[in-house]
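The following report walks through selected backbone, packing and accessibility features of the structure shown below.

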Amino acid sequence: MNIDDLVKGIAAGERRALARGITLVESSREDHRAQATALLAALPKEREALRIGLSGTPGVGKSTFIESFGMMLIAQGLRVAVLAIDPSSSRSGGSILGDKTRMDLLSREKDAFIRPSPSQTHLGGVARRTREAVALCEAAGFDVVLIETVGVGQSETVVAEMSDVFLLLLAPAGGDELQGVKRGIMEMADIIVVNKADGDLKPAASRTCADYAGALRLLRKRPQDPDGFPKAMMVSALQESGLSETWGEVQALTDWRRANGFWARARAAQARYWFEQTVKHTLLAQLEAPKAKAALSELSDLVAQGAIDPTKAAQDFVAQLER
Ligand code: GDP
């Protein structure tokens, strides 16, 4: 594969080149990893998309929301990419997110790019590849990159580490549902979006929205928030109401963060985080190499037999790795 051509294609905003680039970063073949690294290093750096993280449990309406929200952005002349982190894909082997068929209208738009979650054996691998895919979308000139995840815990943290704004999508619920959202996840949210505020569900949506607004007020104030944030609001993805208000709030928040240095600071902290994560993963991957595994098991046996001191064995092993 010619990396220069790929870089050119991506920089020109070609979706096919972008798709090929993402396939490359998703590959775990060693030669592909080397090409992917070269590709990422050669990408134009000056482009910056707005990265929106979106989380919610299955059935709250994530795909419906992305479809309506994405179509609204496209109508405003923006280019929209949708990526997904699906922690379940490693278990089931199949992806339940970012599926093209779930976003029927959006997937037919030339200004949209939808990519399902890469299937990997562990969240760390999926996370790194998704972050790299975000970088590719950004270089391809997308204005907004939506990063979707299922609300099951760990994956939100990962998405928050690659987003500028984090939206938590909820459905209307009874009074005691509030406890169903883990505090840690609430603390990550910039905007809680209560979906399905339509028809019979509207009163319940109002109550849920008020409950969460109250809960958000009890959280410790974060320096990266202007007055009024984090906030809760209502939408109907199905009836397409509240979407432009949501976009307005996202813009108000990001404008403020840009003007007050928090945008740049968060991006710098994220770059640092991903650098450190990649170092850790690379070192851990070295332990998985057959030669290292064999040496580890051999030394481990000697340690168990009392033939060698654990500290000394560990030092010898690490020294061997470094060679
Ligand atoms: P996901 O699993 O989070 O991606 O949820 P989906 O977008 O697939 O939606 C799950 C179900 O909720 C579907 O039957 C949708 O039609 C429905 N749904 C999504 N958004 C709304 C909405 O705004 N109002 C109502 N009444 N139903 C909705």
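Lys196 is placed in the loop that joins β6 (191-194) to α10, where helices (H or I, at least four residues) and strands (E, at least two) are DSSP runs, numbered from the N terminus. The model is a predicted one, in which local features need pLDDT of at least 70 and side-chain atom pairs count only at pLDDT 80 or more, while totals for chains, interfaces and linings use all residues. Residues are numbered from 1 along each chain as its sequence is written, and side-chain values use heavy atoms, with hydrogens and water left out.

Although Lys196 is not a glycine, its phi is positive, at about 65 degrees. Glu240, in the loop between β7 and α11, is likewise a non-glycine residue with a positive phi, here of about 60 degrees.

| Residue | Relative accessible area | Class |
|---|---|---|
| Lys196 | 27% | partly exposed |
| Glu240 | 58% | exposed |
| Cys137 | 0% | buried |
| Cys209 | 11% | buried |

With a disulfide taken as a pair of cysteine sulfur atoms within 2.5 Å, the count comes to 0 disulfides.

A further backbone feature concerns a proline: the peptide bond from Phe229 to Pro230 is cis, with omega near -10 degrees, and Pro230 belongs to the loop between α10 (202-218) and β7 (231-234).

Turning to helix packing, helix α4 (residues 62-75) and helix α11 (residues 243-259) pack at an angle of about 75 degrees, their axes being 10 Å apart. Here axes are lines fitted to C-alpha atoms, for helices over the stretch in contact, and angles run from 0 to 180 degrees between N-to-C directions. α4 is therefore roughly perpendicular to α11, a class that covers angles of 65 to 115 degrees. On the α4 side the contact (heavy atoms within 4.5 Å) is made by Phe65, Ser68, Phe69, Met72 and Leu73, and on the α11 side by Leu243, Ser244, Thr246 and Trp247. The residues of this contact divide into 6 nonpolar, 3 polar and no charged, where Ala, Val, Leu, Ile, Met, Phe, Trp, Tyr, Cys and Pro count as nonpolar, Asp, Glu, Lys and Arg as charged, and the others, Gly among them, as polar.

At the level of the whole protein chain, the division is into domain 1 (1-43), domain 2 (47-260) and domain 3 (289-322), with bounds that come from an automatic or database domain assignment. The C-alpha centres of domain 1 and domain 3 lie 38 Å apart.

Notes. Angles under 35 degrees count as roughly parallel, over 145 as roughly antiparallel, 65 to 115 as roughly perpendicular and the rest as oblique. Buried means under 20% relative accessible area, exposed over 50%, partly exposed in between (1.4 Å probe, protein chains only).
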